[in-house]
Amino acid sequence: MSFAEEATTDVPTLPETHSGIPVYLLDKARNAKAGVFDGRTKPIRDRQRLPVVPQGIERDDFLAALEDLKAKMGHEFVEINDKALKDGWYMEHPNTHDMMTILDEEELVASAVVYPSTTEEVQQIVLWANKHRIPIFPISMGRNLGYGGAAPRVRGSVTLDLGKRMNKILDINPEDYTCLVEPGVSFYALHEVLKEKGYDHMWVDTPDLGGGSILGNTLDRGVGYTPYGDHWACHSGLEVVLPTGEIIRTGMGALPGNNTWQAFPYGFGPYSDGLFSQSNFGIVTKMGMTLMPNPGGYESFMYTFQKEEDLGPLMEIIRPLRIGMILENVAQVRHVAQGIAAQGLPRSKFYQGSGSIPDEVLHTAAAESPAGDHTWAYYGMSYGPSHIRAYKLAIVDAEFLKIPGAKKVDPSTLPADDYYFSRDRIAAGIPDIHELRWVNWTPNGAHIAFSPVSPIRSADAMKLFGLGKKLHQQYGIDFFPAFIVGLREMHLIVEIVFDRDDTERKQAAMDCLRDMIDQAAALGYGEYRTHLVLMDQVASTYSWGDGALMKFNERLKDALDPNGILAPGKSGIWPKRYRGRGWEMTRESGLVSEGKGADGL
Ligand code: ADP
């Protein structure tokens, strides 16, 4: 299928497929798809490196092992990855590779995909992988875009697409405000089911885009925009298949007959859940999640700030308000460049030159936008009945307006499709699909993030902003920073948007990312999450005590996964069989993702 043909298929809906779009967003999704395919020129190429066989096993042994897997799982539930690599788009994404790859597209690809339907089948696959020493890589929905999507870190891994057949909401408890989900339940899907059941007293906390799985997003420590924001902090209880095939339940789940698995996350003894987040120590097959009580009213607000330097004083204002819960949800301070790109138009509509887009061009475009010219926009929401909101909003207003030139934007002056309303829905627990529009900025638009953590302070914000801006200018890249304020810290999220069919721009993006990571680390800042290709570098910045933390992780890895089969290299944790063979991706290794073999071959 050519991409022209791909462009004409309709967007899959829920419940047609577990990963579909809810009907209330169908038109929006169709428009989003048209925008993506309008800017697509990258052809679907013939495969260059077939068959894909993971290093560490002979080709014939591998093909025989796959036959063994098919016999166990059913032939239709094991697919060899030998077809053309179709990138699709957000709602029709591949499970074989990173649709937004910054490497050559044949680098981070799966050899095959398997679709288990139960925890016991996941266990069977793990035992099979151990028997044949084949690397496996679990995904829930595979929409972790900007961080690697569905791609495995080790080329030729067999991907476990858990979401396709394990997508049940196993329980919703309307009294305790909790649920228990399998890997394939998206934010869209849970929100739909809450509506269907008439459970409007409970909200699901949703991230910028609602198509990812609740489980995968939580394991990767994603955030949403209601006061529940921190997904990992809000989960309670996991069921995990260990790399050697044992199944455990964490927290209260370890107590047979308990009725508190989703209500009390800790249980008794060491709190083991942390081991399974951003890790390669287990495959999570069930997860408990808390739901937010409907606060009985809500009201979005947006302020704009004129100058780049306003960022510093703004952070000093935000910190006490956020820690004191006057600012109740994960706050966003977005740079106007991203706001302009969020209109979904190509960069060429604004600027045809090379190098970073000049500030004057951005301000001219902003002046014509409904919110008027500005440099920073703050999106927030106040919750509760109107008199409670009025109290908090008055404090926010008095504080924000201390910054000269600050303006409160009147939502009634904004068009119905303005980005503001997308933020409004998301902060009220209603998943949306607006966010990806800034990817249309370049042809074949892809994105990759740099996301360092800092305190909510003027000096830190300005240092990180300055560092990012300088390096983006050096590499001729447009700078899209947004500060996402948690409770006592903030993440700067810088999305580099690049043409994934332009080798030179991809190299520039990689160089810029590597410099940002190193220079931020030299100032004491580390990433909260990263793309597969940057995991080794980011892990190496967490080097206190002569790399004591990584040594600890490696000891755990070797104990839990002696054959090194589960997601080798994830978060920079390489099992013994791979260590010392050049698998780490560094500045020196360039755009090559593979090392030389694995112990045994
Ligand atoms: P999403 O479901 O939000 O699209 P992904 O499926 O892309 O997210 O997963 C995000 C990250 O979490 C990936 O690195 C993936 O390997 C990891 N992951 C996802 N699901 C599981 C799981 N069930 N067990 C262990 N790791 C997982």
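**Ground rules.** I number residues from 1 along each chain as its sequence is written, and I leave out hydrogens and water, so side-chain values use heavy atoms. The model is predicted: local features need pLDDT of at least 70, side-chain atom pairs count only at pLDDT 80 or more, and totals for chains, interfaces and linings use all residues.

**Entry 1: cysteines.** How many disulfides are there? I looked for pairs of cysteine sulfur atoms within 2.5 Å. The count is zero. Cys179 is in no disulfide, and the nearest cysteine sulfur, that of Cys234, is 11 Å away. Cys234 is in no disulfide either. I then checked burial (buried is under 20% relative accessible area, exposed over 50%, partly exposed in between, with a 1.4 Å probe and protein chains only). Cys179 is buried at 0%. Cys234 counts as buried at 12%.

**Entry 2: salt bridges.** Side chains of opposite charge can pair when their charged atoms come close. I counted a salt bridge where a side-chain nitrogen of Lys or Arg is within 4 Å of a carboxyl oxygen of Asp or Glu. The whole structure has 43 salt bridges. I looked up a few of them.

Helices (H or I, at least four residues) and strands (E, at least two) are DSSP runs, numbered from the N terminus.

Glu105 and Lys42 form a salt bridge, 2.6 Å from N to O. Glu105 sits in the loop between β1 (78-80) and β2 (112-114), and Lys42 in the loop between α2 (26-38) and α3 (59-73), so this pair ties together parts 63 residues apart in sequence. Both Glu105 and Lys42 are buried.

Arg423 and Asp208 form another salt bridge, at 2.9 Å from N to O. I found Arg423 in helix α12 (residues 419-427) and Asp208 in the loop between β7 (202-203) and α6 (214-219), 215 residues apart. Arg423 is buried at 5% relative accessibility. Asp208 is buried too, at 18%.

Lys469 and Glu308 meet in a salt bridge at 2.7 Å, N to O. Which parts does this pair tie together? Lys469 is in helix α13 (residues 458-474) and Glu308 is in the loop between β12 (298-305) and α8 (311-323), so the pair joins parts 161 residues apart in sequence. Lys469 counts as buried, at 17%.

I also noted a network: salt bridges with shared partners join Lys42, Asp87, Glu105 and Arg500.

**Entry 3: domains.** The chain is divided into domain 1 (3-161), domain 2 (169-293) and domain 3 (298-535). These bounds come from an automatic or database domain assignment. Domain 2 gives 22 residues to the contact and domain 3 gives 22 residues.

Next I looked up buried area (the accessible area, 1.4 Å probe, that two parts lose on being put together, summed over both). Between domain 2 and domain 3 this is about 1,700 Å², with 62% from carbon and sulfur atoms.

How values were computed
Contact means heavy atoms within 4.5 Å.
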